[in-house]
Amino acid sequence: MTAGPAVEVTGLTKVFEKGRRTIWQRLRREPDTREKFVAVKGIDLRVERGEIFGVLGPNGAGKTTTLRMLATLLEPTSGDVRILGIDVKTHPREVRANLGAMLSGERSLYWKLTARENLEYFAALYHVPPKEATARIESALVAVKLADRADDYVERYSTGMRQRLALARALLPDPPLVILDEPTVGLDPQSARDLRDRVRELKRQGRTVLLTTHYMEEADQLCDRIAIIDHGVIVALDTPAALKRRIRAGEVVTLEIALTGDDAALLARLGNAASIARSERHNGTLAVTAHCASARDFVPAAFDAARSEGATIQHVEVVPVSLEDVFISLTGRALRE
Ligand SMILES: Nc1ncnc2c1ncn2[C@@H]1O[C@H](COP(=O)(O)OP(=O)(O)O)[C@@H](O)[C@H]1O
Ligand SMILES: [Mg+2]
């Protein structure tokens with residue numbers, strides 16, 4: 001019934017107006033003078049069927065806004081979105097029938113009901129054919145590993161279990177495309193790992209997964225391809241390995257330097273021995289991220305440089321190239337901040 005890639009987006013744009021327009025301004029047909037804010041700036045994106053595709057970016061980058069437009073929950077200001085070849089503008093119902101979404105800030109689960117009762121309720125709400133509902137609920141519970149706790153009240157569930165149940169709810173339409181907005185946010189490391197395993201399982205079942213995250217390790221481990229988004233613009237799009245290859249450095253060294261004087265002279269000296277990707281001053285401490293060919297050569301040179309500037313290196317760490325470095329090299333800022 002459907003053809004084309006899982007997701008095809010061209011020139012997708014969302015402009016928000018800041019603040020509220022009062023009823024009087026509307027009634028008097030006063031011109032709308034509110035300040036405009038472009039949250040998503042004409043992005044192009046193509047997600048192939050069967051892949052786990054990640055949209056990685058810091059808070060406020062436009063991830064949720066983008067997903068809400070794909071899921072037909074928010075009208076784009078301009079641009080085209082096709083989900084499995086179906087146009088969201090002309091056929092929103094068909095799109096909704098083919099995707100399962102788990103978005104943040106949704107009124108999601110009833111704590112006074114059991115997991116199974118929650119799914120029965122949402123199956124009815126989503127028009128799952130009654131004949132299929134029981135089987136769909138069972139397979140959704142199995143898919144998120146909650147089958148043995150299905151008749152417990154949700155109020156007894158841990159945060160991780162609730163998140164898995166929210167994922168089960170998204171699976172009720174048996175969707176070929178699953179959209180997840182920051183699925184592991186707020187979970188402890190074990191629950192987050194567990195949820196990532198469930199997401200991999202969705203791929204093994206032949207579904208396409210489009211997710212957002214601001215955790216670079218998560219994007220790296222989980223996604224076949226990643227779009228890095230910043231201020232509503234896709235700044236890079238590739239496999240995690242290819243993105244990391246863009247950092248033409250063997251190693252990344254982070255330094256914490258105690259320094260009373262001026263940064264500039266020290267940074268200039270460090271810059272002779274490595275490429276300084278980022279430096280930031282917090283009171284008396286200068287944090288530096290340097291890309292170098294070899295830490296064995298750079299670290300002694302950094303100690304020499306610090307000594308001659310009257311500074312003390314308090315902490316050195318040599319780390320492999322990560323998506324964080326890719327983000328820093330593209331934007332000049334750290335993803336974590
Ligand atoms: N309904 C809205 N009205 C006005 N501004 C909004 C609205 N929703 C989001 N924004 C703004 O758009 C930007 C992108 O938000 P969002 O898509 O939620 O980012 P992310 O999910 O990447 O953290 C933010 O600056 C946010 O404040
Ligand atoms: Mg968000």
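These are my notebook entries on a predicted model, written as I looked things up.

**Entry 1: domains.** I began with the overall layout of the protein chain. The domain assignment gives domain 1 as 7-244 and domain 2 as 248-320. I then looked up how far apart they sit, and the C-alpha centres of domain 1 and domain 2 are 40 Å from each other.

**Entry 2: a sheet with β1 and β2.** I turned to the strands next. I found an open sheet of 4 strands, and reading across it the order is β2-β1-β4-β5, with antiparallel pairing. Its edge strands are β2 (36-47) and β5 (86-87), each of which pairs on one side only. Helix α2, residues 63-70, packs on this sheet and touches β1 (7-17), β2 and β4. I noted the angle too: the direction of α2 makes about 120° with that of β1. At the β5 side, I saw that β4 (residues 78-83) pairs with β5 in the antiparallel sense over 2 bridges.

**Entry 3: V40.** I picked one residue of β2 to follow, and V40 lies in that strand. Is V40 buried or exposed? It counts as buried, because it has 28 C-beta neighbours inside 10 Å and 20 or more are enough for that label. Leaving aside neighbours within four places in sequence, I listed the contacts of V40 as L12, T13, K14, G62, T65, T66 and G232. I checked K14 in more detail: V40 and K14 are 26 residues apart in sequence, yet their C-alpha atoms are 5.0 Å apart in space.

**Entry 4: around ligand 1.** Which residues are around ligand 1? I wrote them down as F16, F37, A39, G57, N59, G60, A61, G62, K63, T64 and T65. Sorting this shell by type, I got 4 nonpolar, 6 polar and 1 charged. I also asked which elements supply it: β2 and α2 each give at least two residues. The most comes from α2, with 3 residues.

Entry 5: Strand β12 covers residues 275-282 and strand β13 covers residues 285-292, and they pair in the antiparallel sense over 7 bridges. Within this pair, I found R278 opposite T289 in β13. How many residues lie between β12 and β13 in their hairpin? I counted 2, and N283 in the turn has a positive phi of about 50°.

Notes. Residues numbered from 1 in each chain as written. Chains lettered and ligands numbered in written order. Predicted model: local features only at pLDDT ≥ 70, side-chain atom pairs only at ≥ 80, totals over all residues. Pairing = 2+ DSSP bridges. Contact = placed C-beta atoms within 7 Å. Axes fitted to C-alpha atoms, helices over the stretch in contact; angles between N-to-C directions. Near = placed C-beta within 6 Å. Nonpolar A, V, L, I, M, F, W, Y, C, P; charged D, E, K, R; others polar. Domains from an automatic or database assignment. Buried ≥ 20, exposed ≤ 12 C-beta atoms within 10 Å, placed from the backbone.
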